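Here's a quick tour of a protein model for you. Have a look at the picture first, then we'll go through it bit by bit.

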Amino acid sequence: MSAMHIRQDDPTAGHVAPLLEHHLRELQEVMAEHAFALDASGLSVPSVTFWTAWNGEMLAGFGALKELDARRGEVKSMRAAPSARGTGVGRALLAHIVEQARARGYDCLYLETGTAQLHVPAISLYRSAGFISCEAFADYEPSPHNQFMRLDLVS
């Protein structure tokens, strides 16, 4: 298998649409009104940077970083393509996002994720990267369907 590469990309691009639609549909089915995933227009705002990960010519996944303020960011829209699950794409994207957050000088990186079985692999990935549970942040409201995590970037 060829090496994975990550590039900044356009969330409205045709090559992104099928996986983004799958991501949004799956979250909507599991979480209903508690799904806060961004669609292509939400991922296109200036405060969000969007990346795709590729195995050769195959889209393996995507992820994004939203600026909350000058010191804090939020991991958004982490998704591995179904065909790329278990290939390390999630870990590679998360490492890239953390590296970008550090380069921006952020003190802390936050994320919101679900509590359903669907989210278990992502949660274990986040914990292995050092994320810990925290209170709701930004405009999120706590619910039984959501959990919040943060990674302190200053040691």
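**A quick briefing**

D9 counts as buried, because its relative accessible area is 16%, and the cut-off for buried is under 20%. Keep in mind that you're looking at a predicted model.

**Around D9**

- You'll find D9 in the loop that sits between β1 and α1.
- The D9 side chain makes a polar contact with the side chain of T52, at 2.7 Å.
- If you skip the neighbours within four places in sequence, D9 is in contact with H15, F50, W51, T52 and W54.

**The sheet**

- Seven strands make up an open sheet with mixed pairing, and their order is β1-β2-β3-β4-β5-β7-β6.
- At the edges you'll see β1 (4–8) and β6 (132–133), each pairing on one side only.
- Now pick out β3 (residues 58–69) and β4 (residues 72–80): these strands run antiparallel and are joined by seven bridges.
- Looking across to β4, F62 stands opposite R79.

**Helices and the sheet**

- Helix α1 (residues 17–31) packs on the sheet, where it touches β3, β4, β5 (108–114) and β7 (146–152).
- The direction of α1 makes about 100° with that of β4.
- Helix α3 (residues 120–128) lies across β4, β5, β6 and β7.
- Compare its direction with β7, and you'll get an angle of about 20° for α3.

Key:
Residues are numbered from 1 along each chain as its sequence is written. This is a predicted model: local features need pLDDT of at least 70, side-chain atom pairs count only at pLDDT 80 or more; totals for chains, interfaces and linings use all residues. Side-chain values use heavy atoms; hydrogens and water are left out. Two strands pair if DSSP finds at least two bridges between them. Helices (H or I, at least four residues) and strands (E, at least two) are DSSP runs, numbered from the N terminus. Contact means heavy atoms within 4.5 Å. Axes are lines fitted to C-alpha atoms, for helices over the stretch in contact, and angles run from 0 to 180 degrees between N-to-C directions. Buried means under 20% relative accessible area, exposed over 50%, partly exposed in between (1.4 Å probe, protein chains only). A polar contact is a pair of N or O atoms within 3.5 Å; within protein, one must be able to donate a hydrogen and the other to accept it, and residues adjacent in sequence count only if both atoms are side-chain atoms.
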